[in-house]
Amino acid sequence: MAQINPSILSADFARLAEEATAVEGADWLHVDVMDNHFVPNLTLGVPIVESLSRATETPLDCHLMIEDPDRWAPQYVEAGAGSVTFHVEAAAAPVRLAREIRAKGARASMALKPATPIEPYEDLLPELDMLLIMTVEPGFGGQAFLDIMLPKIRRTRELISKHGLELWLQVDGGVSESTIERCAEAGADVFVAGSAVYGANDPAEAVRALRTKADGTIASAAWACNH
Ligand SMILES: O=C(CO)[C@H](O)[C@H](O)COP(=O)(O)O
């Protein structure tokens, strides 16, 4: 079953609580934390995550596009995030950090930028609850989906199957009704969508449409049949 996580990066930041509840039916609310150092954009931090966690029943999937996640990620768990994703390119001690996130009670997730291969991290996969493959360069919503990431999604799904892991495989960037099936066919099962959801007239309907397409593809995908 697909999970659809709307990204509030594309929401109206002056009406965050309303925007969070406009996508009821979504599996998680994807919260993009950017520090203007790891990526050239600045969004929000711990206090806003704390407020958002009180404003919505939908669990928060916090994607930290920041330097020094080893220091900051645990604070996002304390702020109410149910899942915390750090970038491997920024983490000093990814295994220790994943264990700390889990020990504090959240799902631990690691993200890879487009130029970062999965293969060096094969042995880390059992330490994670989710792996995020970026399908755009992180930093901004509304960018075009990078088709060249599809082989990496396929190879990652093969590694997950090879090790018999229950790891979720998330894709983020340019996910829309016209790209979601390619991601699902390659092996993704968690889909972040910003502009495709918040740019739609009816965000909740956009979530349903994305879910229908992804579920239809996963039902017949070779990787899911062998799962
Ligand atoms: O992490 C992100 C950007 O770094 C966003 O989550 C992502 O880009 C979502 O926006 P869209 O679906 O419009 O591409």
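The model is predicted: local features need pLDDT of at least 70, side-chain atom pairs count only at pLDDT 80 or more, and totals for chains, interfaces and linings use all residues. Residues are numbered from 1 along each chain as its sequence is written.

Helices (H or I, at least four residues) and strands (E, at least two) are DSSP runs, numbered from the N terminus.

Eight strands form an open sheet with parallel pairing, in the order β1-β8-β7-β6-β5-β4-β3-β2. Pairing requires at least two DSSP bridges between two strands. Neighbouring strands are turned by 25° against each other on average, direction ignored. Axes are lines fitted to C-alpha atoms, for helices over the stretch in contact; angles run from 0 to 180 degrees between N-to-C directions.

Helix α2 (residues 46-55) packs on the sheet and touches β2 and β3 (60-65). Its direction makes about 165° with that of β3. Helix α3 (residues 69-78) also packs on the sheet, touching β3 and β4 (83-87). The direction of α3 makes about 165° with that of β4.

β2 and β3 run parallel and are joined by six bridges. M34 has M65 of β3 as its bridge partner. Six of the six residues of β2 are buried (20 or more other C-beta atoms within 10 Å of their own, C-beta atoms being placed from the backbone). L29, V31 and V33 point one way from β2, and H30, D32 and M34 point the other way. In a regular strand the side chains alternate between the two faces of the sheet.

The largest nonpolar core contains 71 residues. Such a core is a set of buried Ala, Val, Leu, Ile, Met, Phe, Trp, Tyr and Cys residues joined through C-beta atoms within 7 Å. V84 and F191 have the most contacts inside it. Beyond its neighbours within four places in sequence, V84 is in contact (C-beta atoms, placed from the backbone, within 7 Å) with residues including C62, L64, Y76, I101 and A108.

Key:
Buried ≥ 20, exposed ≤ 12 C-beta atoms within 10 Å, placed from the backbone. Contact = placed C-beta atoms within 7 Å.
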